[in-house]
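I opened the notebook to record what I looked up in one structure. The entries follow the order in which I checked things.

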Amino acid sequence: MDNILMRIYENYAGEGREMLLRAYDFAKEAHANQKRASGEPYFIHPCAVAEILIDLGLDTATVAGALLHDVIEDTPCTAEDIKKEFGDEVLSLVSGVTKLDKIVFKSQEEEEAENFRKIFIAMAKDIRVIIIKLADRLHNMRSLNFLSYERQQKMAKETLDVYAPIAGRLGISQIKCELEDLCLKYLDPAAFEFLVENIHQKLEERNRFVDFVVDEIKGILTECGIKGEVFGRPKHFYSIYKKMTTKQKTLEQIYDLTAVRVVVGTVDECYEVFGKIHKKWKPVPGRIKDYIATPKPNLYQSLHTTVVTNFGQPFEIQIRTEEMHRTAEYGIAAHWKYKEQRSTETSLDQRIAWVREVMELEGGLKDSKEFMDTVKGDLYSTELLVFTPHGKVISLPKDATPVDFAYAIHSEVGNKCTGAKVNGKIVPLNSCLEIGDVVEIITSPNGKGPSWDWLKFVKSSSARAKIKAFYKKVMKEDNIRLGKSMLEEAAKRKGYALSDILTEESFKKVAEKLAFASQEEMFSSVGYGAVTVNQVFFKLVDYFRKEVPQPALQAQPFKGKHVKGSVTIKGMSGLLVSFAGCCSPVPGDEIVGFVTRGRGIVVHRKDCPNLKNADPERLQAAEWLADEGGARFKAALVVTAAEQGSALAAISGSVAEMKLEITSINGRYDKNNSAIVEVSVSLTNLKDVEVLIKKIKSHAKIIDVRRTSN
């Protein structure tokens with residue numbers, strides 16, 4: 001805790017230093033009586049996070065935000081206290097980090113997905129929020145041994161899946177490599193211990209070899225009159241582990257456990273040294289990579305080559321300028337560490353351009369899981385570099401197709417794409433591209449737009465999102481009609497009318513959950529498949545049943561035909577009535593009429609749960625007429641059986657024997673693995689229902705048969 005004070009004095013001056021000292025005192029007092037899982041004072045944690053950020057060279061507001069990042073969440077201090085003492089900028093950073101930790105979820109999958117989404121929203125607003133969060137996660141991973149096994153596994157997996165890839169995409173290799181090694185330590189401890197022990201055993205021998213290579217390259221620099229640094233860098237454990245598992249190699253088969261790095265002054269010097277090294281040692285075919293001409297998406301630049309010494313030992317050499325080295329080590333943090341001037345401000349914009357693109361896509365991805373699946377493609381994909389006919393380099397995910405390429409050029413190119421040429425030859429649109437391919441897209445101004453089938457083979461998240469965006473926007477009217485029709489059909493099947501359950505209030509509830517701006521957007525989202533019918537329908541029904549005042553509840557439409565002369569209402573026959581689908585009354589049931597608003601009289605069974613809180617003044621005495629005139633009614637049954645086949649056999653056999661008619665049937669399994677079959681049967685009276693139930697019950701493997709009343 002005292003060390004951080006020394007670091008503040010060494011790295012900051014004036015008002016910045018004074019603010020950091022105040023932040024130190026404020027956080028120390030706020031966390032005064034709190035302990036970590038290790039038993040140490042809690043204040044050690046924000047100090048350690050701040051120190052990581054000082055090492056990265058972050059500005060005073062970010063370091064202050066790190067010192068205060070747990071104050072709002074874990075102490076009585078409020079956002080107003082932070083704003084009053086440190087201003088809006090620091091409050092914004094602290095609030096951004098706090099929001100990432102304050103989410104409660106129903107499931108592990110939902111938690112991971114929504115956290116992922118929140119991270120990107122925070123990154124788009126201020127990239128420094130995620131840099132604080134990365135430092136916070138790094139220190140928590142360093143002290144993970146004090147937590148339970150379950151929490152260790154959860155945090156290590158989340159770190160490897162989310163935080164390490166983000167650190168890599170931001171180019172902060174220091175944090176990325178350490179996070180990955182710490183994750184390996186907990187997720188595969190046996191492999192981690194094996195690597196530590198075996199790599200250490202030959203460390204002295206390897207160091208002697210690296211020293212030899214370093215001296216040889218220094219000799220090359222002297223020959224050429226080039227000033228520069230040459231040093232060995234051991235590869236981190238996780239990169240070795242990944243190579244062993246993905247390429248099925250033993251440790252003895254991995255030769256580049258240490259890379260030699262050459263840092264010179266200019267790009268021309270990089271290529272000159274590159275050529276001299278190849279003149280001295282033979283390069284390994286397929287292992288030469290020019291990331292200076294074609295930088296990685298995180299702006300990483302370097303020349304990579306693997307060469308073989310005269311005595312047969314291969315090793316990797318990386319050659320770069322000082323500026324490239326800063327970017328490689330510190331990534332986006334180099335913007336603050338090396339005080340980039342306004343003239344180079346565009347480099348920061350370039351580094352976070354992909355975040356902005358992700359957030360543009362985010363507007364069309366209402367589901368957190370869909371958002372996570374879409375963006376992960378950008379984070380984890382192996383890079384594939386291809387060319388336009390004019391020589392421009394396009395970076396795509398591994399196994400990308402011409403359609404991915406078309407959308408990487410522009411949305412309109414993708415939407416109007418009708419074919420593709422690769423290296424001058426026409427190829428199918430689902431062909432996998434390879435490194436160095438020259439791709440030309442054939443377009444048609446009269447094209448109908450992208451095919452929905454393209455979603456089956458595209459690899460890039462942006463292509464996937466742009467295809468869905470086309471269907472959402474360009475085909476909006478069709479989607480609205482289709483989505484509305486699908487919801488109306490779902491409502492009808494369950495005995496409702498969409499116009500009754502979709503009210504202004506019920507829509508507000510659905511919109512809160514699924515983030516719809518309007519009913520048209522909701523219909524459209526259902527129509528083009530962004531959300532399922534059931535996701536919307538069941539939320540509407542839940543609200544309808546629980547919140548809508550009872551008179552409105554009784555105004556729901558009901559299944560069944562309007563029948564004239566089947567019942568008398570208060571002694572008056574010949575009225576036009578309908579029969580409630582919720583309880584399906586048949587002749588012989590005790591019944592009651594319910595006066596609806598604008599729908600005439602609906603006949604329910606007296607024991608129907610929907611009448612429990614009905615207005616007594618709207619209930620009318622009802623009786624069956626002695627002669628129903630052969631009118632047919634529907635009775636709904638629920639059959640529970642040991643297996644679905646037995647239930648279906650019992651139902652169909654009994655119905656056929658009684659010469660009745662099945663009007664609908666649905667099957668499912670409950671949590672006890674019992675088969676549940678819901679069936680509607682057309683019949684004429686209660687006696688038929690009772691006989692049918694008895695017949696079905698008599699079959700083996702039938703557990704229960706009952707009429708439905710909801």
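**Entry 1: a histidine and its contacts**

I set aside the neighbours within four places in sequence and found His-236 in contact with Cys-177, Glu-180 and Asp-181. I note here that the model is a predicted one. Next I looked at the side chains, and those of His-236 and Glu-180 are joined by a polar contact of 2.8 Å. Where does His-236 sit? I placed it in the loop between β1 (228–234) and α14 (237–246). Is His-236 buried or exposed? Its relative accessible area is 13%, and buried means under 20%, so I wrote down His-236 as buried.

**Entry 2: the chain as a whole**

I then stepped back to the protein chain, which has 31 helices and 21 strands. Of its 710 residues, 49% count as buried. I looked up the accessible surface too: it comes to about 35400 Å², and 50% of that belongs to carbon and sulfur atoms. For contacts between residues at least 6 apart in sequence, I noted that 64% join residues at least 24 apart.

In soluble globular proteins, nonpolar side chains tend to be buried together. I looked for such groups here. The largest nonpolar core has 63 residues, and those that touch the most other members are Leu-53, Leu-56, Leu-68, Ile-82, Val-90, Met-141 and Ile-175. Which helix gives this core its largest share? I found helix α9 (residues 127–142), with 9 residues. I picked out Ile-175 and, leaving aside neighbours within four places in sequence, listed its contacts as Ile-52, Leu-56, Leu-134, Leu-138 and Ala-167. Apart from this core lies another, of 32 residues, including Ala-622, Val-639, Met-658 and Val-679.

**Entry 3: a threonine in a strand**

I went to Thr-640, which is in strand β18 (residues 633–641). I recorded a relative accessible area of 15% for Thr-640, which is under the 20% cut-off, so Thr-640 is buried. Not counting residues up to four places away in sequence, Thr-640 touches Ser-674, Ala-675, Ile-676, Ile-702, Ile-703 and Asp-704. I also checked Val-677: it is 37 residues from Thr-640 in sequence, and their C-alpha atoms are 6.5 Å apart in space.

I found Leu-648 in helix α30 (residues 644–657). Its relative accessibility is 37%, which falls between 20% and 50%, so I put Leu-648 down as partly exposed.

Notes. Residues numbered from 1 in each chain as written. Predicted model: local features only at pLDDT ≥ 70, side-chain atom pairs only at ≥ 80, totals over all residues. Heavy atoms only, no water. Helix = DSSP H or I, 4+ residues; strand = E, 2+ residues; numbered from the N terminus. Buried < 20%, exposed > 50% of the residue type's maximum accessible area, 1.4 Å probe, protein only. Polar contact = N/O pair within 3.5 Å; in protein donor to acceptor, adjacent residues only side chain to side chain. Contact = heavy atoms within 4.5 Å. Core = buried A, V, L, I, M, F, W, Y, C linked by side-chain atoms within 4.5 Å. Areas by Shrake-Rupley, 256 points an atom, 1.4 Å probe, with all protein chains shown as cover.
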